[in-house]
Amino acid sequence: MEEGLRQSLEVAEERAILVTVLLGGAGDDVSDPLAELRALSSTAGATVVGELLQRRAKPRGATYLGKGKLEELVRMVEMVKASVVIFDNELSPMQIRTIEEAVSCKVLDRSELILDIFASRAQTREARLQVEIAQLQYTAPRLRAMWTHLGQVTGGAPIGVGTRGPGEQQLEIDRRLVHKRISLLRERLAEVQSRKSREVEARTHEHFTVGLVGYTNAGKSTLFNVVTSGGALEADQLFATLNTRVEAWPLGGGAQALLSDTVGFINNLPHHLVASFRSTLEETVRAHALVIVLDVADVHAPMQYQTVLEVLEDIGARDQPRVVVLNKIDTLVDRRQRGLLAENPVPFWLEREPEAIAVSARTGEGVEALRDRVRGLLRGPLREVQMEVPMSDSRLTDYLEKRTEVLDRAWTESTCVYRVTIGRRQVEQLLARGCRFSLNDQPAAEAIEQLWPTPVRAESPAIPPHRRTWPDEHVE
Ligand SMILES: Nc1nc2c(ncn2[C@@H]2O[C@H](COP(=O)(O)OP(=O)(O)OP(=O)(O)O)[C@@H](O)[C@H]2O)c(=O)[nH]1
Ligand SMILES: [Mg+2]
């Protein structure tokens with residue numbers, strides 16, 4: 001191997017060949033198996049100059065690709081003058097090294113590519129710490145395999161691992177140092193996260209919080225900007241958003257939620273990476289309700305939805321009510337005319353998710369229906385009740401006048417007796433604020449359970465038998 005093939009894992013401005021090995025009939029139903037890797041590569045800044053696809057029952061141990069295909073790859077690299085080969089499959093450190101030796105250029109796998117994108121996007125201190133930990137965990141073993149080798153070439157002189165990544169001061173990485181560095185970074189991250197955790201907790205306590213989730217590029221940030229005062233980056237690239245952003249979402253009728261926009265999900269996300277990004281997803285886990293955004297104009301939407309359900313299950317976001325949003329409906333006619341979609345996907349989705357709401361975050365169509373649905377979730381099922389409240393509590397009477405439907409009012413000497421239509425969450429909120437009142441002549445706290453019996457939770461949507469596991473983070 002030439003010196004420095006893996007000095008940097010960056011692919012920006014490199015000429016890339018994309019490779020995927022479809023194992024055991026995988027990808028038969030997918031029209032363009034390299035579409036996502038292509039999008040990831042261009043997001044990372046690479047220019048795709050060639051693509052190679054192989055179907056195999058299982059990977060060939062040493063080189064993943066079959067012998068003939070590897071030779072084809074070698075010729076292709078020479079012909080198109082590629083400087084990097086990117087695999088959609090996850091490769092072992094040894095496989096990377098062997099393939100690099102064969103093709104005489106840098107070889108990356110999908111996870112490393114995603115890490116490179118995350119590294120170039122991370123802006124907050126927290127995101128940078130998370131990315132660096134993930135890179136050290138995922139990349140270090142691979143670098144070690146290369147290390148011994150490069151050590152011979154350079155006489156043991158330090159080699160860089162990428163300027164955006166772990167940083168040049170870690171050039172002399174060895175296993176012990178990596179461990180040490182990771183624990184230091186973890187400590188720093190823990191400090192940042194405990195502060196954030198408290199903030200999330202306070203928010204959840206005081207407000208109705210809604211988390212926007214979905215596959216990367218589904219349109220979460222665009223929807224976020226349409227319904228809030230905005231400020232989130234929208235871009236036609238994968239992982240445009242890495243940091244969580246929270247803004248108020250006015251729901252009409254005086255109701256308001258706090259909406260959070262966060263990092264998108266992707267199929268086969270590197271486990272270590274997600275493990276360290278879990279705190280970013282904490283917002284999601286704790287939200288009172290989730291809005292799942294789906295790009296229904298994408299032919300891969302069913303796989304993407306499946307990924308979203310799996311990730312939600314994995315991070316423990318299981319119990320909140322969910323609203324499924326079928327986004328980008330403004331593009332359907334055009335996409336069908338151009339032959340990119342065989343049929344209108346909306347009926348398919350409505351059959352699967354009858355409560356789903358079709359919207360276009362771009363044109364605003366359907367956004368009002370979404371708002372009304374979320375307002376319904378905020379209030380919970382409404383009940384007509386009689387509320388006796390102290391006249392002196394002007395905050396409470398003000399709340400009832402502005403945020404509930406008042407059907408009748410009567411006054412006693414010191415109280416006001418309202419007939420209102422109100423939701424359970426509203427009542428709970430008032431109690432949490434320390435308001436004192438009776439409901440249907442009973443103390444409010446007791447009446448709640450009678451008026452709104454806690455429902456027996458329905459089974460959550462089908463989750464495939466395969467569940468991603470969260471390996472303990474380690475460098476091995
Ligand atoms: N035509 C159309 N384009 C949309 C719509 N919603 C989003 N887009 C476009 O889709 C691309 C991705 O949108 P984002 O809002 O950045 O997607 P995201 O889900 O936040 O993506 P990540 O942050 O990368 O996970 C952008 O180019 C948007 O302009 C829509 O309803 N119609
Ligand atoms: Mg976004």
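1. In strand 2, Val48 is the bridge partner of Ala16, and strand 1 (residues 15–23) pairs with strand 2 in the parallel sense over nine bridges; strands are DSSP runs of E of at least two residues, helices are runs of H or I of at least four residues, and both are numbered from the N terminus. This is a predicted model, in which local features need pLDDT of at least 70, side-chain atom pairs count only at pLDDT 80 or more, and totals for chains, interfaces and linings use all residues. Residues are numbered from 1 along each chain as its sequence is written, while chains are lettered from A and ligands numbered from 1 in the order in which they are written.

2. Four strands form an open sheet with parallel pairing, in the order 2-1-3-4, where two strands pair if DSSP finds at least two bridges between them. Strand 2 (47–56) and strand 4 (106–109) are the edge strands, each pairing on one side only.

3. Helix 2 (residues 67–80) packs on the sheet and touches strand 1, strand 2 and strand 3 (84–87), contact meaning that C-beta atoms, placed from the backbone, lie within 7 Å. Helix 4 (residues 110–121) also packs on the sheet, touching strand 3 and strand 4.

4. The contact is made by Arg424, Val427 and Leu431 of helix 15 with Ala444, Ala445 and Ile448 of helix 16.

Definitions and conventions. Two residues are in contact if their C-beta atoms, placed from the backbone, lie within 7 Å. Axes are lines fitted to C-alpha atoms, for helices over the stretch in contact, and angles run from 0 to 180 degrees between N-to-C directions.
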